[in-house]
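Please keep the sequence and the model in view while reading.

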Amino acid sequence: MAIARFPPYFATSDHRERCLEQLRSKSAPLEKYIYLNGLKERDPNLFYDLLLQNMKEIIPLLYTPTVGEACVNYSHIWRRPEGLYVSIEDKGRIRDVLSTWPNTIDSRIAVVTDGSRILGLGDLGANGLPISIGKLDLYIAGAGIKPSSTVPICLDLGTNTQRYLDDPLYIGIRRRRPDPEEMDEFMDEFIEAMKDVFPSLMVQFEDFSTDNAFKYLDRYRYKYRVFNDDIQGTGSVILSGFINAANLSSAASGKPLADHRILFFGAGSAGIGVAKQLLSFFTMQGLSPEEARARIWTVDSKGLITADRKGLQEHKKFFARTDYEGPALTDLVDIINYVKPTALLGLSTLKNAFSEAVVKAMAAINERPIIFPLSNPVNLCELDYQDAIEWTNGKVIFASGSPYFSVSYKGVTYEPGQGNNMYIFPGLGLGAILSKARHVSDAMVEQASIALASSLTDEEKAAQLVYPRLNRIRDISARVASAVIRQAQKEDLDTNNYLRTLPDDVLSSLVHDKMWRPHEAIPRL
C-alpha cells in the first residue's frame, strides 16, 4: 500500500482554522463532541491547542452541558478505548487491572466515577466514563496538567437503570449495583491498590451517589490524596462567587455582610457540600460556627428541612432547623417569606423551579437579590438568565452552573456569572501536586476559594462580575495553586520543601512554568 502524504501546499494553510471550520459545520452539540473526540485521537497536540485558544466555545462541548448527552449515549457513540474500567468482577485482582495502565509512575491526577449520579441525569453505569475524560481535559486546559499524567477511571459496579440493562449495546456489566457491604469491600481494595500502583497520584471522586460521595470522602480523605469535586469543588467555587455577590448586595442595601441569610433549594451531596463551604463566609465575618450554621436554611423535595422530620437522611441533619415549630412549609414562596433570605441557591436539578413568583418574592425583600441556579446541565437549571433579568428589572446578582449568554434589557447589557468548578479544581489539583501534599485539607479548599474571589480585574469589578472571565483561566489557576501550596505548607501537609524557600513572586512564576503547553500544532507526519 502506498504511503499517504500531505498535500504539497498543506503547510501554507492554517490547519487550525480548517479544524475549527469542520467543528463549526456540525449542527448538533453531540456531533461536535464526537468530532473533537476523534481529533484528540488523531492529533492530541492540535486538539489541546484549539482548546486553549477557543475555551469559551469548546469547553461546553467537552464538559457541561454536552458531556451529559455524551454519557447518556456513550454505549452507542463509543469508538475506542479512552480510559480505564475497573469492574466489580475484578474484586481480588484490582491491583493487576490498574497495573495495565501505561506510565503509572508518572501519573499525577485521576478522576474516578462510578456513574451512579452523572450530573442530574441519574445512574448511567459504565456510560459515565466521559465525565472523567472531560474533567481531565479541563485540568489540562485550565492548569496545564500534562495529558500523559492523567488517568480517567470508571468503576463499573453495575447499574440500577433498567433501560441500560436491557440495551443490547450497553458496554457495562449487566447487574444491579452492589449492596453497601460489597461496595465498601470493593472501594477499600480499590483505594489501597491505587496507593500501590500510582504512588504520586491525586484522586478526584466525581458523580458518586449522594450518600456514597460523603461516605468515601470521609473514609479516605486522611489516608490518601482524595478530593470530591461535587462536595468540595462546587462548594469552593460558590463560596468565591458568593463573597463577591454578597459585597455587591450589601453595597446596595447597606446591610452588614454578617446579616446575609442563605436559602438552599436542593439538599443532595452538592447542596449540602456547598452549604458547609459557605459557613466559611460567615466565620470570616466573625460569627461563631453555630451562628454561621444558623444563617443557612435547606429545602428538599418535601419542603423546609427541620430536625423533627421522620426518616431524615444523615447528611441533611447538619442544617436541619430546630427553631421552626409550625406546619410543614412545602411551597418555596412561603419558605422565602418565612426565611427572608438575601440569597437563593439552587442545586435541585429541577428545571424552572425558580418561577416568576419565586424570583419576584426574592426581589420584593432585597434591593439586589442573589440568585444562583446551579444545577447542570442547562435543561435542568432552576432559572434562565433572561427570566432572572426581566423578573427583577435587572437587579439580580446571578450565577449559574451552566453557561448563559449575555442579555440586553432596557438598553443595558447584563453579563451572567457561571459558577464553573473549572475555576477551582485545576488550580487546586496543581497546587496539591506541586506541593506533594499528603492530603487535601478543608483549609486548602477554602484558600483556593479566597484566591479565586480576589482574582477579579479592575474592569471585571467595574462590570460588577462575581467571577473572572474564563479566558484568563491559567492565570487564575496559578493564583489558586499558589494559595493552595502556601496553605499546605502552613498545615505541614507538604512534602516538597523546596517550595518553602521561594518568595511569593518566584513561586507564582514557578507555577506558571510548570504548566504544560502544546507544542507548535503541526499535524504529525
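What covers the buried residues of helix 4? The cover includes helix 1 (15-24), helix 2 (29-42), helix 3 (44-53), helix 5 (66-72), helix 8 (129-143) and helix 21 (473-490), where a contact means heavy atoms within 4.5 Å. Helices here are DSSP runs of H or I with at least four residues, strands are runs of E with at least two, and both are numbered from the N terminus.

The model is predicted: local features need pLDDT of at least 70 and side-chain atom pairs count only at pLDDT 80 or more, whereas totals for chains, interfaces and linings use all residues. Residues are numbered from 1 along each chain as its sequence is written, and side-chain values use heavy atoms, with hydrogens and water left out.

Burial is judged by relative accessible area: buried means under 20%, exposed over 50%, and partly exposed in between, with a 1.4 Å probe and protein chains only. The buried residues of helix 4 are M55, I58, I59, P60, L61 and L62. In the loop between helix 4 and helix 5 lies P65. The peptide bond from T64 to P65 is cis, with omega near 10°.

**The chain as a whole**

The chain has 22 helices and 14 strands. Its radius of gyration is 23 Å, close to the 24 Å that the globule rule gives for 525 residues, so the chain is as compact as a globular protein of that length. That radius is taken over C-alpha atoms, and the globule rule is 2.2 Å times the number of residues to the power 0.38. The C-alpha trace spans about 80 × 55 × 55 Å along its principal axes.

Of the 525 residues in the chain, 60% are buried. Among contacts between residues at least 6 apart in sequence, 72% join residues at least 24 apart. The chain exposes about 21900 Å², of which carbon and sulfur atoms supply 51%; these areas come from the Shrake-Rupley method with a 1.4 Å probe, and for residues only the protein chains shown count as cover.

There are 59 positive and 65 negative side chains in the chain, and the centres of the two sets lie 2 Å apart. Lys and Arg count as positive and Asp and Glu as negative, while His and the chain ends are not counted. Each charge is placed at NZ of Lys, CZ of Arg, CG of Asp or CD of Glu.

**Cysteines**

How many disulfides does the count give? The count comes to 0 disulfides, a disulfide being a pair of cysteine sulfur atoms within 2.5 Å. The sulfur of C154 is 8.8 Å from the closest cysteine sulfur, in C71, which is too far for a bond. For C381 the closest cysteine sulfur is also in C71, at 19 Å, again too far for a bond. C154 is buried, with a relative accessible area of 0%, and C381 is likewise buried at 0%.

**Backbone exceptions**

Most residues other than glycine have a negative phi, and most peptide bonds are trans. N103 has a positive phi of about 65° although it is not a glycine. It is found in the loop between helix 7 (94-98) and strand 2 (109-113), and is partly exposed at 36% relative accessibility. Q464 has a positive phi near 60°. Q464 lies in the loop between helix 20 (458-462) and helix 21, and is partly exposed at 43%.

**Residue pairs separated in sequence**

| Pair | Separation in sequence | C-alpha distance |
|---|---|---|
| E314 and D211 | 103 residues | 8.6 Å |
| Y385 and P403 | 18 residues | 9.7 Å |
| S87 and L157 | 70 residues | 5.9 Å |

E314 is found in the loop between strand 8 (303-304) and helix 15 (332-339), and is exposed at 61% relative accessibility.

Y385 belongs to helix 17 (residues 385-391) and is buried at 4%. Not counting residues up to four places away in sequence, Y385 touches F398, Y404, F405, V407, Y414, E415 and P416.

S87 is in strand 1 (residues 84-87) and is buried at 13%. Leaving aside residues up to four places away in sequence, S87 touches D156, I173 and F186.
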